[in-house]
Amino acid sequence: MTPCSALLIKFLSRIERRGGHWIWTGSCHRGVPVLSYRRVDGGQVRTYATRYSVQAQTGRAPRRGSMVLRTCDVPGCVRHVVTMSRAAMCRQIAGGRRVRT
């Protein structure tokens with residue numbers, strides 16, 4: 001098993017599918033879902049589960065500096081996420097759209 005597929009299996013084992021949503025059942029840091037794993041060299045890495053969800057769904061990691069935002073109101077859902085730049089997020093907030101992190 002490759003390290004990438006092992007991480008995907010770990011990610012999928014920590015979600016509960018409910019009515020089209022992926023509810024995070026893993027650990028959280030300050031209320032934000034996090035995914036911890038070991039690198040090949042043995043170092044510990046912690047990433048936001050929403051960022052990894054984008055990578056798992058699209059096949060590519062979000063760009064450095066981009067924001068990953070939830071698009072649904074279901075607490076803990078890591079499936080309905082979108083990436084955007086900080087400037088785009090600020091424009092949406094200024095336009096009156098509520099943004100969920």
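**Exercise 1.** How much space lies in the largest pocket? Identify also the residues and elements that line the largest pocket.

*Solution.* The model under study is predicted.

Step 1. The volume comes first: the largest pocket holds about 430 Å³ of space.

Step 2. Its lining consists of 18 residues. Those nearest the centre of the pocket are Cys-4, Leu-7, Tyr-37, Tyr-52 and Gln-55.

Step 3. Two or more lining residues come from each of α1 (3-13), β4 (32-38) and α2 (49-58). The greatest contribution is that of α1, which gives 6 residues.

Step 4. Sorted by class, the lining contains 11 nonpolar, 5 charged and 2 polar residues.

**Exercise 2.** Determine the order of the elements along the protein chain, and explain why the chain is described as being as compact as a globular protein of its length.

*Solution.* 

Step 1. The protein chain contains 7 strands and 3 helices. Read from the N terminus, their order is α-β-β-β-β-β-α-β-β-α.

Step 2. For 101 residues the globule rule gives 13 Å, and the radius of gyration of the protein chain, 14 Å, is close to that value; the chain is therefore as compact as a globular protein of that length.

Step 3. The C-alpha trace spans about 45 × 30 × 25 Å along its principal axes.

**Exercise 3.** Describe burial, surface and contacts in the protein chain.

*Solution.* 

Step 1. With buried taken as under 20% relative accessible area, buried residues account for 32% of the 101 residues.

Step 2. Of the contacts between residues at least 6 apart in sequence, 39% join residues at least 24 apart.

Conventions. Residues are numbered from 1 along each chain as its sequence is written. This is a predicted model: local features need pLDDT of at least 70, side-chain atom pairs count only at pLDDT 80 or more; totals for chains, interfaces and linings use all residues. Side-chain values use heavy atoms; hydrogens and water are left out. Helices (H or I, at least four residues) and strands (E, at least two) are DSSP runs, numbered from the N terminus. The radius of gyration is taken over C-alpha atoms; the globule rule is 2.2 Å times the number of residues to the power 0.38. Buried means under 20% relative accessible area, exposed over 50%, partly exposed in between (1.4 Å probe, protein chains only). Contact means heavy atoms within 4.5 Å. Accessible areas come from the Shrake-Rupley method with a 1.4 Å probe; for residues, only the protein chains shown count as cover. On a 1 Å grid over the protein atoms alone, a cavity is a set of points where a 1.4 Å probe fits but cannot get out, and a pocket is an open set with protein on both sides within 12 Å along at least five of seven lines; lining residues have an atom within 4 Å of a point. Grid points are joined across faces, edges and corners, and a volume is the space filled by probe spheres set on the points. Ala, Val, Leu, Ile, Met, Phe, Trp, Tyr, Cys and Pro count as nonpolar, Asp, Glu, Lys and Arg as charged, and the others, Gly among them, as polar.
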